[in-house]
Every structure is written in structure tokens, then in C-alpha cells.
Amino acid sequence: MRIKNKKLFALLFAAFFAFGIYFAFSHFAPKEEVITYSQFYKLVQEGQVISARISPDKIYFSLVQEDSAASTASADMAKNDSVFLRTDSKEFSTSNPNSPVLQEFLMLNGVQVKIEKDAAKGCILNSRILYFFSEAYRILGDERCREGAKAAFEFLQNNFLDERYGGVFWSVDAEGKKLDTTKHTYAQAFAVYALSTYYKATGEKEAIFLADKLFNLIEEKSWDGRSYRESFTEDFVPQENDKLSENGVSATYTMNTLLHVFEAYTAFVAATGNEKAKRAMERILDIFARDIWNEKKKRQEVFFDSDMKSLIDLYSYGHDIETSWLLDKGLGVLSNSEYEKKILPLTSAMAENVLAAAFSDGAVATEDERGSVDGRRVWWVQCESIVGFVNAWQKTSDEGYLKAAYDAWDFTKEHIIDKRSGGEWLWRTYKNGAADKTLPEVSPWKCPYHNGRMCFELMERI
């Protein structure tokens, strides 16, 4: 499973140049149904909007149809040929190029390899790019990667940091002015992760100073004695967690955010040895063992209410295999035998059960919601599966895991990687490997993070 470094780097570096891929809006005759902005925002985040037309007081758009790739969460809306969002208020004015609505459209992209220079910029995306180029520079030693990391660091430093209330904004416009001022723990965590990685690669002291500041902010603002609250207003008043809630639920806490707080703290401790962060990591491991892990079903729960009770019967295959190796990596940083004894059996079970329940035809399915399996192959799920199976093979010497990793890599090379010049990786394919061309190759949630991190992990492990 060893990969040639030069070939790998060329593939990864091409991913960055795909950062601006966005699709052009098409025209259609709408059968009108008005929806709210929150509904519209969710559809955009799910990749359900496939075309749009702007009029003076409305934005019309078409949705993915139920029989192609519509999610169950928006299937009721997808029955119509089109719907529209009113934009005649000041906030959503179509004449304002920086309005949240238009910026959401600008963040859409599809199968056309095209750069949209006026798109809004998400902090998660920027942080992940900072991580990618920092890690690439640390491992490959290529000065071009250092330059890319420096550009991402300076943009984060100059545009996403809130000097008044602290933390980082969710997004800024193309000029770097604040757009969505939500303070989300997930975004704060990825900033800590990226800044710690940049410091480790370059020794930039300002980066680790900012990482330390954001770490302490998360502990002060997000930790509530039970777990980490997630979504806040600009001045840190708790609000509905719509950005990390999916599958038709509104969650107070999510396994996903907790996992990436742990990942961020792992990187921060690896860079600094911070004792307070170590204790926080141990506390998070306790939450995984006590509240997240479902011992009866041998899987994690995903979304939780304010009492840390699971909100939905959902088996997220990708998150379980991702958790299996990220927790193990954190254990390696902590070097605490007590927590190894507590957590290693859980992470081993996660990998074992994903292989048994979700792996077929060379790839891992997406999820099982209430007994209904989504068999589509998502790019990040394959990335995490490859690392997770290699990690399980290294723990157990079970060749079955190594074969599964090889098979998932072969599937990814054949069906997921967009081999066109300027292409990145497809969002997902259907079970038979056919591309789902309705979803973006680059978006606020998609960039060279999962795929880049996969390659870095393999280069250092094998």
C-alpha cells in the first residue's frame, strides 16, 4: 500500500488548485413554493440545490429529485420541480453582492472546473487548508507548501479572528469582511488544530499563541460541565445548533464536534505538551466511553439532547471508523495506560464492526438510519476507512484489514478521484461507482483535509 511521494504530492497539490470550483446557474420554469431561509441554508449545506435563477425579489432554484440523490431530510421539498426564497428584504437583497443568500449560492459548485474568485470564505475550509499545507511542508519539505500555509495563516489571522469577543467567525466574504458571525465550537477547534500544526511545521510563535488563546476560549465558553456546547452568537450567547445538526434533528451536542475538539487538542498537546489540554482530552475520552459509545449496539451515537440522550437511531459508518483511529492517535499523545485500557477495546470494536457491517464491493457505505442503509460511497468515508483499516491492521496484524484498505484505495483511485486537470475528488458515487454529479467537489465542507490527511497518515505509518 506504499504510495510514491512525488505522485502523491502532485495529486494532493492539485487538490488546492481545485479550491475555486463552482457551477453556473441554469434557467427553468418554476412551480412555486416558498421556503424559509433556514430551510434554504440546510438544503445548500446538504448539496441539494442544483440550479438557480435570480429575479428582482426572489431566488428560484431547483432541487435534486428523490429518485436520484435527494436526502430524506428534504425529500418532501424535492417532489416539486422548483421552489423559491423571497429576497425582497434588506438582509437578502439580490442587489447586495455580500448578502448571505447570494454568498451561499456562490459557495455552490459542481462538475465544472471553474474558479469563482468572489465566493465567500469559510473558517473551517481556511483552517483545513492551513492544516494541509502545514503538514505537507513538515513531511515533504517543499517551500511551496510553506508559502501556501503562510497565506492561509495570515488570512485566518487578519480576517477570521474576532478582536472584540474572541474566537473565529464562521465565514467572511471575498474581501475578508465578516459574513456569518456564528461562533461554533467546531470552527474554533479546527482553528486550534490548524494553528498547532502550522507551529509544529514552521515554529511560528504567533500561531501557537493564537492556538493557546482559542483552546482556553473553548474551555471557558463551550464546556458546560457535561460536554461542549456548540453554537453561539457573535458574543457567545448559546443558539440553535443548526450547522452541525443533520438527519432531521436539532442536537445540543454532537459526536462529530466532540471528536474534532479531541483531534484539535491532540495536535495542540503534541505541539506544546500543555497539561490543561491533556486533562481535557481525558475528560473527552470519558464522555466517549460513557455517553457516546453504545455498548449494546457496538457503535457510537451521533446526536444528543441537552441531557446527553441520543436523538436518533443512526449508525454513521464514516464517523465510527474515523473515531477508531483518531482516539487511538490521541492515546498515543497522552501515554496514559489507564485510558488505553478503557478506550482501545472500543476503538477496536468500531473498526471491526464497520468492516463487517458496511464494507462491500471495495468501499464503505455512508450510514444506517433507523435500519435503512445509505449505500452511496462518500469521499471522506473512504478516506477515513483507509486510515482506520490500516490502523486496525497495525494493532492486530489481521491481514483482512489491510486487504480492505487496499480495496478501498483501489475504489477511490478508480471512482472518487477526479482525474481532470484542476479536478479534486468527487463528493460521492453511487454503490456501482457511478459519479453523483449533483454535488460539489469543493465547498465550505470539502477541501484537501480528509484526503490529504489520509495520505499524510499513510506516508508516516507505512
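This is a predicted model: local features need pLDDT of at least 70, side-chain atom pairs count only at pLDDT 80 or more; totals for chains, interfaces and linings use all residues.
**Helix packing, sheets and a salt bridge**

Helix 7 passes helix 9 in a left-handed crossing. For helix 7 and helix 9 (residues 255-272), the axes come within 8 Å and cross at roughly 25°. An angle under 35 degrees counts as roughly parallel, and helix 7 and helix 9 are therefore roughly parallel to each other. On the side of helix 7, the contact is formed by Thr185, Tyr186, Ala189, Phe190, Val192, Tyr193, Ser196, Thr197, Tyr199 and Lys200. These meet Asn256, Thr257, His260, Val261, Glu263, Ala264, Ala267, Phe268, Ala270 and Ala271 in helix 9. Sorted by class, the contact of helix 7 with helix 9 has 12 nonpolar, 6 polar and 2 charged residues.

Helix 7 (residues 185-202) also packs against helix 8 (residues 205-222), where the axes come within 8 Å and cross at roughly 155°. Angles over 145 degrees count as roughly antiparallel, and helix 7 and helix 8 are therefore roughly antiparallel to each other. The crossing of helix 7 with helix 8 is left-handed. Helix 7 contributes Thr185, Gln188, Ala189, Ala191, Val192, Leu195, Ser196, Tyr198 and Tyr199 to the contact, while helix 8 contributes Lys205, Ala207, Ile208, Leu210, Ala211, Leu214, Phe215, Leu217, Ile218 and Ser222.

The crossing of helix 8 and helix 9 is left-handed. Ile208, Ala211, Asp212, Phe215, Ile218 and Glu219 of helix 8 make the contact with Tyr265, Phe268, Ala271 and Thr272 of helix 9. The contact of helix 8 with helix 9 divides into 7 nonpolar, 1 polar and 2 charged residues.

Attention now turns to the sheets. In general, the strands of a sheet pair through backbone hydrogen bonds, either parallel or antiparallel. An open sheet of 3 strands has the order 4-5-6, with antiparallel pairing. Strand 4 (121-122) and strand 6 (178-180) stand at its edges, each with a single partner strand, so one side of each is left without a neighbour in the sheet. Strand 5 (residues 171-172) and strand 6 run antiparallel and are joined by 2 bridges. Here serine 171 stands opposite aspartate 180 in strand 6.

Another open sheet is formed by 3 strands in the order 13-16-17, and its pairing is antiparallel. Strand 13 (314-316) and strand 17 (372-374) are the edge strands, each having a single partner strand, so one side of each lacks a neighbour in the sheet. Neighbouring strands of this sheet are turned by 15° against each other on average, direction ignored. Between strand 16 (residues 367-369) and strand 17, which run antiparallel, there are 3 bridges. Glutamate 367 stands opposite aspartate 374 in strand 17. Helix 11 (residues 317-334) lies across strand 13, strand 16 and strand 17, running at about 55° to strand 13.

Charged side chains complete the picture. Side chains of opposite charge can pair when their charged atoms come close. A search of the whole structure finds 31 salt bridges. One of them is formed by arginine 453 with glutamate 384, with the closest N and O atoms 2.5 Å apart. Arginine 453 lies in helix 15 (residues 450-461) and glutamate 384 in helix 13 (residues 379-396), so the pair ties together parts that are 69 residues apart in sequence.

How values were computed:
Residues are numbered from 1 along each chain as its sequence is written. Side-chain values use heavy atoms; hydrogens and water are left out. Axes are lines fitted to C-alpha atoms, for helices over the stretch in contact, and angles run from 0 to 180 degrees between N-to-C directions. Helices (H or I, at least four residues) and strands (E, at least two) are DSSP runs, numbered from the N terminus. Angles under 35 degrees count as roughly parallel, over 145 as roughly antiparallel, 65 to 115 as roughly perpendicular and the rest as oblique. A crossing is left-handed if the near helix is turned anticlockwise from the far one by less than a right angle, and right-handed if clockwise. Contact means heavy atoms within 4.5 Å. Two strands pair if DSSP finds at least two bridges between them. A salt bridge is a side-chain nitrogen of Lys or Arg within 4 Å of a carboxyl oxygen of Asp or Glu. Ala, Val, Leu, Ile, Met, Phe, Trp, Tyr, Cys and Pro count as nonpolar, Asp, Glu, Lys and Arg as charged, and the others, Gly among them, as polar.
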